[in-house]
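This report describes selected side-chain interactions, the nonpolar core and a surface feature of the structure shown below.

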Amino acid sequence: MLEKTHEADVLLTKIKTKRQELANYLAKYEPRHSLLINSSIIFGALTVALTAGPGVGGSKFIDTMNNAMSFSIPVWQLLCLIAAILSVAVVIVNGMLKSQNLTSKITSAKSCTAKLEGLETLLELQQMDVKQAAPLYTQYISEVYHV
């Protein structure tokens, strides 16, 4: 019985350590993920807003803007230039999201955290044998190889 208790303690320690690693990973990458998504949304919306004025208002909008502000270049060129820069920013941000696969990694880290919490609870309440829990632990952590 003492050996089983030791085995359970070892597995519980591993579970707690992995859960802490996952919490650290999520604390680091969730804010970055949110920032990238929000940046993409905002830059895309600004691009549309900048091109909507001249597109909908036509020459009357452009004349009004030229009279209201004095730039060294026509307002429509300035708006198009800013819209182009924002469009490039959207492409870059979306590329970063795709290349780093953050959405999938964060989802799998959250899922694994929940599974490990359940496994930990079952072990602590002695509702599961270590021989049953160990393969599940291995299966769960293989889902978060990136952490």
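This is a predicted model: local features need pLDDT of at least 70, side-chain atom pairs count only at pLDDT 80 or more; totals for chains, interfaces and linings use all residues.

Because Glu124 belongs to helix H3 and Lys16 to helix H1, the pair ties together parts that are 108 residues apart in sequence. Glu124 is partly exposed, its relative accessible area being 42%, and Lys16 is likewise partly exposed, at 42%.

Arg19 and Glu120 form a salt bridge whose closest N and O atoms are 2.5 Å apart. This pair also links distant parts of the chain, with Arg19 in helix H1 and Glu120 in helix H3, 101 residues apart. Arg19 counts as partly exposed at 25% relative accessibility, whereas Glu120, at 8%, counts as buried because the limit for that class is under 20%. Lys16, Arg19, Glu120 and Glu124 are linked in a network of salt bridges.

## A salt bridge beyond H4

The whole structure contains six salt bridges. One of them pairs Lys115 with Glu143, the closest N and O atoms lying 3.0 Å apart. Lys115 is in helix H3 and Glu143 in the segment after H4, so that distant parts of the chain, 28 residues apart, are linked. Both residues are classed as partly exposed: Lys115 has a relative accessible area of 30%, and Glu143 one of 28%.

## The largest nonpolar core

The largest nonpolar core comprises 23 residues, of which Leu11, Ile15, Leu116, Leu119 and Leu123 touch the most other members. At least two residues of this core come from each of helix H1 (2–68), helix H2 (75–100), helix H3 (102–124) and helix H4 (130–142). The greatest contribution is that of H1, which supplies eight residues.

Apart from its neighbours within four places in sequence, Leu119 contacts Ile15, Met128, Ala133, Leu136, Tyr137 and Tyr140.

## Val130 in helix H4

Val130 lies in helix H4 and counts as buried, with 16% relative accessibility. Between Val130 and Leu26 the C-alpha to C-alpha distance is 28 Å, and the two residues are 104 residues apart in sequence.

## A nonpolar surface patch

Phe71 is located in the loop between H1 and H2. With a relative accessible area of 43%, Phe71 is partly exposed.

Conventions: Residues are numbered from 1 along each chain as its sequence is written. Side-chain values use heavy atoms; hydrogens and water are left out. A nonpolar core is a set of buried Ala, Val, Leu, Ile, Met, Phe, Trp, Tyr and Cys residues joined through side-chain atoms within 4.5 Å. Buried means under 20% relative accessible area, exposed over 50%, partly exposed in between (1.4 Å probe, protein chains only). Helices (H or I, at least four residues) and strands (E, at least two) are DSSP runs, numbered from the N terminus. Contact means heavy atoms within 4.5 Å. A salt bridge is a side-chain nitrogen of Lys or Arg within 4 Å of a carboxyl oxygen of Asp or Glu.
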